[in-house]
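I am opening my notebook on this structure. I will go place by place and write down what I look up.

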Amino acid sequence: MSDPNRTPASPPDPLASERAHLASSRSALRTMREDVEALDLRNVTANWVNSAVLQAQMEVRIKELADLSHTPLFFGRLDYAPGSRTPTGSIGSTENPGDDSGDEAHRFYIGRRHVHDAHGDPMVVDWRAPVSQPFYRASRKDPQGVEQRRRFGYTAGELTAYEDEHLTDPTEDDRTSRLLQAEIERPRVGPMRDIVATIQPEQDEIVRSGLSGTVCVQGGPGTGKTAVGLHRVAYLLYAHRERLARTGTLVIGPNRSFLHYIEQVLPALGELEVAQSTVEDLVSQVEVRGTDDATAAVIKGDARMATVLRRALRAQVTEPTEPVVVVRGSRRWRIPAYELAEIVAELQARDMRYGAARAALPQRIAHAVLVRMEESGEAPDDRVQDAVARNPAVKAAVKAIWPPVDPARLVLRLLGDPAFLAEHADGVLTEDEQQAIRWAKPARSARTAKWSRADAVLVDEATDLIERTHSLGHVVLDEAQDLSPMQYRAVGRRCTTGSATVLGDLAQGTTPWATGSWAEALTHLGKPDAAVEELTAGFRVPREVIAYASRLLPHMSPGLAEVTSVRESPGSLEIRPVAGDPTAAAVAACEESLRHEGSIGLIAADDLVPGLAKALAAAGHTPLAPGEETNARSRLTLVPVSLAKGLEYDYVVLTEPAGIVAGEPDERTGLRRLYVALTRAVSGLTVLHAEPLPEQLG
């Protein structure tokens, strides 16, 4: 019998319940970390090497289990309908339809890493797990067994809000997620952050594509292609950890500033062992101290140079003219020159690496000697063959016929010896092209030569012709549109037995050798069958800004789809003519932008940067360099336009667009450089100009 004086129980507070789950999950994560820290590794390994390896693995695991206070442990929740089928199997239904005590079995919190309780039951599911996939792809048309999707909002690491979508409720209208929009538009302070809470369905399909195939992503400004590539690495490491731990993973960016900007994304997702590099770092066998003009750089970057190098290297092999006579004891064994020539021709026909063929030659000569020994009644074994291969006469013949080649010296001779270049470039390069790449003053040695970046790539190609380059399991290549064919070949050598994720935007190709199509680029990379995906929905650049920048597309990249931004931000674009001092106007515009929350980027033609830096200092500002981490006290970055690619700022002040276009060797490259600069803003763009705007902007 009920008590009429009893106060009715208050309905549970969902936010309080979710905060309690967050607290419990953090506690469970701490316990997981403490359990690893408490492991005693003494006397569990056979030797000190195994012990050191195990200790290193433990240290990595402890770092992976760190609870980052500024990073939410989970950002979403999926509630599956009883009896529905998830990506990992069916969920049983409760016996009593009115009993919700089994709801926990149907509920999954989605976060950046897996967390389990003392019984091993999941409290947070890794976003890469199959059961998490519907968080990104489920919809009203295809709920994928999900009854309710919940998103969480955080402020300074504290859970402050939630938002529900009832995917199976026909009475609920479709609407844009307020929390999702707020996360996308959150001010950019500090390095690039992950987008794990805001991945869109078309992005998720790319992220979760398999390891065996190479994927190329064409994406305009703000489409999230870089983030997609990094999250794809994180997913592949989750799904194929043992394989990639053996073979390795590498992220290649356009410059060190860019790599510094993105370096915190993978650690935030729990992945600490991914190497980062630039193309210049990959091909750093010679010190770069020189430069090429645009014409020479384009020719040196052309794939035809691989043919020239191959010819020059094969020419080092000479026709045998003398027999080889091997003395063993009282016997002399003679291999005539014509038989040596047959051996050499056979090795050349097999198209082996130069070094591998050179290593095989003494063994082949020794085998010919052993055949004669057997014909005379002797019974030599493998040890005898190895001894013959090391015989001084054999070694001298190999050195004369197939001499060792230093790749840098080979390239040095090609660029410094007109006759040598003409011999091996005949029918491949025209006389004018040969003239363009020849050094006016040949260097005395590889050490003193003033190598250019393009020269370093040639040395890398020659090195691979001699000894095969080690291949990794997966390579991510960002801003790929700016690579030359020879640079693509250099990257492709690093994933001949693996796969790649190629990221770029043809409209942002700002080098004279920028690729004209992805089909061409992928062929040079050695992945002609790669799938090409296009991202056209923009999530970073305001609609007004991207529409203004897109006026340039027909003049520089006709045929490319225009990015359609999902962000409406009225007043985000201001075109401001300057009547007085342009430098003073730029400083004033920066000070106006600093009144807003978030990061500020002042972008200008490279030759204007020193003067702007001096003016900012005089006004009491100490701007950061590109790639340096912004913080609450230092939010202004001075960006030479040549380093702007891949970076983003909440508010951008862009000064003198005409000067940016004029600073490049041709109009198309100048317009593309301007397009890059115009699309770095997340919240607002101010364009300052004392000179008339380029006519392509209308």
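**Entry 1: arginine 673**

I start with arginine 673, which lies in helix H28, residues 667-678. I keep in mind that the model is predicted. Is arginine 673 buried or exposed? Its relative accessible area is 11%. The cut-off for buried is under 20%. Arginine 673 is therefore buried.

Next I looked up its contacts, leaving out residues up to four places away in sequence. Arginine 673 touches Thr510, Val641, Ser642, Ile660 and Glu664. I checked one of them, valine 641, by distance. Valine 641 and arginine 673 are 32 residues apart in sequence. In space they are 7.3 Å apart, C-alpha to C-alpha.

**Entry 2: arginine 150**

I moved to another arginine. Arginine 150 sits in strand S7, residues 146-155. I find arginine 150 buried, at a relative accessible area of 7%.

Which side chains make a polar contact with the side chain of arginine 150? One is glutamate 18, at 2.6 Å. Another is aspartate 164, at 2.6 Å. I then listed contacts, setting aside neighbours within four places in sequence. Among them are Pro14, Phe75, Arg77, Phe135 and Tyr162.

I looked at strand S4, residues 107-111. How many of its five residues are buried? I count four, so S4 is mostly covered by the under 20% cut-off.

Then I checked the pairing. Strand S1 (residues 74-80) pairs with S4 in the antiparallel sense, over five bridges. Phenylalanine 74 stands opposite glycine 111 in S4. S4 also pairs with strand S6 (residues 122-126), in the parallel sense and over two bridges. There, isoleucine 110 has valine 125 in S6 as its bridge partner. I note a general point: strands of a sheet pair through backbone hydrogen bonds, either parallel or antiparallel.

**Entry 3: a sheet of six strands**

What is the order of strands in the open sheet of six? I read S11-S10-S14-S15-S9-S16, with parallel pairing. The edge strands are S11 (275-278) and S16, and each pairs on one side only. On average, neighbouring strands of this sheet are turned by 15° against each other, direction ignored.

I zoomed in on one pair. S14 (residues 474-477) and S15 run parallel and are joined by four bridges. Leucine 477 has valine 502 in S15 as its bridge partner.

Which helix packs on the sheet, touching S9, S10, S14, S15 and S16? I find H6, residues 225-239. The direction of H6 makes about 165° with that of S15.

**Entry 4: helix H22**

I went on to H22, which lies across S9, S15 and S16. H22 runs at about 145° to S15. In H22 (residues 518-525), the residues Trp518, Ala521, Leu522 and Leu525 are buried. Why do I place them on the same side of H22? Because they cover an arc of only 95° around the axis.

What covers these buried residues? The cover includes strand S9 (215-219), helix H21 (485-493), strand S15 (499-504) and strand S16 (531-535). Just after H22 comes glycine 526, with a positive phi of about 90°.

Glutamine 144 has a phi of about 55°. Its place is in the loop between helix H3 (133-137) and S7. At 22% relative accessibility, I note glutamine 144 as partly exposed.

Aspartate 351 also has a positive phi, near 55°. Aspartate 351 is in the loop between helix H13 (337-349) and helix H14 (354-375). Its relative accessible area is 47%, so aspartate 351 counts as partly exposed.

**Entry 5: cysteines**

My last search was for disulfides. A disulfide is a covalent bond between the sulfur atoms of two cysteines. How many disulfides did I find? The count comes to zero, with a cut-off of 2.5 Å between sulfur atoms. Cysteine 495 is in no disulfide. The nearest cysteine sulfur is that of cysteine 216, 13 Å away. Cysteine 495 is buried, at 0% relative accessibility. I looked up cysteine 590 too, and it is buried, with a relative accessible area of 1%.

Methods:
Residues numbered from 1 in each chain as written. Predicted model: local features only at pLDDT ≥ 70, side-chain atom pairs only at ≥ 80, totals over all residues. Heavy atoms only, no water. Buried < 20%, exposed > 50% of the residue type's maximum accessible area, 1.4 Å probe, protein only. Polar contact = N/O pair within 3.5 Å; in protein donor to acceptor, adjacent residues only side chain to side chain. Contact = heavy atoms within 4.5 Å. Arc of directions from axis to C-beta. Pairing = 2+ DSSP bridges. Axes fitted to C-alpha atoms, helices over the stretch in contact; angles between N-to-C directions.
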